[in-house]
Amino acid sequence: MKVQILAAAALLASTVSASVTLPRAWMTINPDDKIKKEKFKGETRYLTWMADSQIKRGVAPTNAYTTSACYSGIMLAYNATGDSKYLNYVKYQLDILLYPAQDGSIVLYNGSNSIDDIRIGHSFLDIYEATGKDIYLKAASLLKKQIDGSRRTPAGGFYHRYPDYIDQMWLDGIYMLDVFYSRWVSKFENNNSTAWDDIANQYDLIDAGTTINKATLGLPVHGFDVSKKSVWADPVTGAAPHVWNRAVGWYIMALVDSLDYFPASHPGRARMLKYLQSVSDAIVAAQDARTKGWWLIMTPGYEGKSGNYIESTGSSMFVYGLFKALRKGYIKGEKYRRSALQGYKLMTESFVSESTPSGELNLEWGVQTGSLSSNGTFEYYASMPIFQNDLKGVAPFMFAAYEYELQK
């Protein structure tokens, strides 16, 4: 009997320890695949490393702005390499949103009143331009229709979300709505001067409303409330009390991306270039001298305050914005390039970790959220949790890595 028990135990041990090779699944990168690091001009290619890592981790196929931003980063990997796996991945993810109707309607989209939900329009336009299939254009047109019906402040600025944030404009919303608005008008309504006036007006309003406090040294605060009724709103100006790094990051990204489409002949372009110059100068001046990154709360005087820290998502956005503005000739000067290179070095040396032995690249030190649905205090922003691989950081990390490659 004892011999039989020992034999059974040995058989079980050999069965458990034996390696079973699983069949390939439908995923672009399977869970047991090891991520391979590539080189670009002799350096680690962080763009494809992060894109491959995020594809392996998986992205929930929703119409969220975080998801769309991640898809844009993966599409940059496609643009840089020509590898169809990136295009096919994004297309597959979007096709899930179009199932089962297959008529251009988007699953779970019901005429949202949040301008965050407009960001997914870029992803549909990307796949439309890659495939020429009208179903993706039809889906994107739903987001343009949402813009046309969005509620506005008395001066014509888009509410961040109705009815939750009546009379409020946030820096985040400029990125979510106005870049897509610019892209759509450039592609389909380029002679629509009223639309271009409208887009320029959004930048005029957000600049005026968020840089009114000279104590922020040119850095825009998170948003403003025209009605001055929000708990965080200054009773005189309506401005929010703090400079939150990711909000400023959304803003500089909105400027450099919208300028891709904005007509050279329109007077609003010169004003947008002025806003970009101003925020670029303020960002460079606010860069931490020791780490070369940027604080979560950038309000002057709060550097090093207990609870504040050098944060990765906003820092990645600044690196992208500065690199792209330089490449496009929107700003000029060695100080901007030096700042961007220093920030990129921090991104790729201190903000990331590598999973072993599987090889995924992880982004650390990213704040999960920050919102003016709060009281807008320093304590609120500083209390938000830090997430690994938050898509609000993974996406701009890929944007910045793409721009780094272009300037080499």
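## Salt bridges

A network of salt bridges links Asp126, Glu129, Arg183 and Lys187. The model is predicted. Glutamate 129 belongs to helix α5 (residues 120–131) and lysine 187 to helix α7 (residues 171–188), so the pair ties together parts that are 58 residues apart in sequence. Glutamate 129 is partly exposed, with a relative accessible area of 43%, and lysine 187 is partly exposed at 41%.

The count of salt bridges comes to 22. Among them is the pair of glutamate 43 and lysine 408 (2.9 Å, N to O). Glutamate 43 is in strand β2 (residues 43–44) and lysine 408 in the segment after α14, so this bridge ties together parts 365 residues apart in sequence. Another salt bridge joins the side chains of aspartate 52 and lysine 85 (3.1 Å, N to O). Aspartate 52 is buried, with a relative accessible area of 5%, whereas lysine 85 is partly exposed at 23%.

## Helix α14

Helix α14 (residues 391–407) has 17 residues and reaches 24 Å from its first C-alpha to its last. Because 15 of the 17 residues are buried, α14 is largely enclosed by the rest of the structure. At the start of α14, a side-chain oxygen of aspartate 390 comes to within 2.9 Å of the backbone nitrogen of lysine 392.

## Tyrosine 380

Tyrosine 380 lies in helix α13 (residues 378–383). Its relative accessibility is 14%, so tyrosine 380 counts as buried. Beyond its neighbours within four places in sequence, tyrosine 380 contacts Thr369, Gly370, Ser371, Ser374 and Asn375. A polar atom of the tyrosine 380 side chain lies 2.8 Å from the backbone nitrogen of serine 371.

Terms used
Residues are numbered from 1 along each chain as its sequence is written. This is a predicted model: local features need pLDDT of at least 70, side-chain atom pairs count only at pLDDT 80 or more; totals for chains, interfaces and linings use all residues. Side-chain values use heavy atoms; hydrogens and water are left out. Helices (H or I, at least four residues) and strands (E, at least two) are DSSP runs, numbered from the N terminus. Buried means under 20% relative accessible area, exposed over 50%, partly exposed in between (1.4 Å probe, protein chains only). Contact means heavy atoms within 4.5 Å. A polar contact is a pair of N or O atoms within 3.5 Å; within protein, one must be able to donate a hydrogen and the other to accept it, and residues adjacent in sequence count only if both atoms are side-chain atoms. The expected span of a helix is 1.5 Å times one less than its number of residues. A salt bridge is a side-chain nitrogen of Lys or Arg within 4 Å of a carboxyl oxygen of Asp or Glu.
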